[in-house]
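Try each task yourself before you read on.

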Amino acid sequence: MNKHVVATVSELPIGSHKVVKVGSIEIGIFNVENEFYALKSVCPHQQASLCKGVVDGTNLHSDAHQYIFGRDGEILRCPWHNWEFDIKTGCALFDNSLKVASYKVTQDGDNLVLHMKK
C-alpha cells in the first residue's frame, strides 16, 4: 500500500475539496461533514476531469410533481454532462454498478494521507 500526504485538515474545511496529482493520477480529496474521501478524477462516461465538477446535492425520490432536494455536499456532478456520483462511495446515482475509483483517506495529525494500492 502506497501512502501519500495530499493535504492538511486545515486546508479542507467542511464542504470543500481539492484536486491533487499523485504521479500521473488526478484525485479529488473531499471533506463531507469532517469525513474525508478521495475519488479518481476521471468520469467513466467520456473521461472528463470529474473532480473539477460541482459538489452539491440532488433531487431525492418523491411523488409526481414534488421535488425534494437533499444530500447537500455529498454529490459530485461531472462538469461535462452532469452525471452525478456519490462522493462517499464513487457510485453513479443512476446506476450503482457504475462507479469511479475511490481511495481511503486517513488523518495523521493535521495531515491527510491517501492510501493507494500498489
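**Exercise 1.** Which pattern does the protein follow when read along the sequence?

*Solution.* Start with the ground rules: this is a predicted model, where local features need pLDDT of at least 70, side-chain atom pairs count only at pLDDT 80 or more, and totals for chains, interfaces and linings use all residues. Residues are numbered from 1 along each chain as its sequence is written, and side-chain values use heavy atoms, with hydrogens and water left out.

Now read along the sequence: the pattern is β-β-β-β-β-β-β-β-β-β-β. That comes to zero helices and eleven strands. Helices (H or I, at least four residues) and strands (E, at least two) are DSSP runs, numbered from the N terminus.

**Exercise 2.** Find how strands E2 and E3 pair.

*Solution.* First, locate them: E2 covers residues 17-22 and E3 covers residues 25-32. Next, check the direction: they pair in the antiparallel sense over six bridges. Pairing requires that DSSP finds at least two bridges between two strands. As an example of a bridge, Lys21 has Glu26 in E3 as its partner. Finally, look at the turn: the two strands form a hairpin with two residues between them, and Gly23 in the turn has a positive phi of about 65 degrees.

**Exercise 3.** Search the whole structure for aromatic pairs and classify what you find.

*Solution.* The search gives one pair. The rings of Trp83 and Phe94 have centres 4.9 Å apart and planes at 80 degrees, so this pair is edge-to-face. For reference, rings of Phe, Tyr and Trp (its six-membered ring) pair if their centres lie within 6.5 Å; planes under 30 degrees apart count as stacked, over 60 as edge-to-face and the rest as tilted.

Then place the partners: Trp83 is in the loop between strand E6 (68-77) and strand E7 (84-86), and Phe94 is in the loop between strand E8 (91-92) and strand E9 (95-99), so the pair ties together parts eleven residues apart in sequence.

**Exercise 4.** Is Trp83 buried, partly exposed or exposed?

*Solution.* Recall the cut-offs: buried means under 20% relative accessible area, exposed over 50%, partly exposed in between (1.4 Å probe, protein chains only). At 23%, Trp83 counts as partly exposed.
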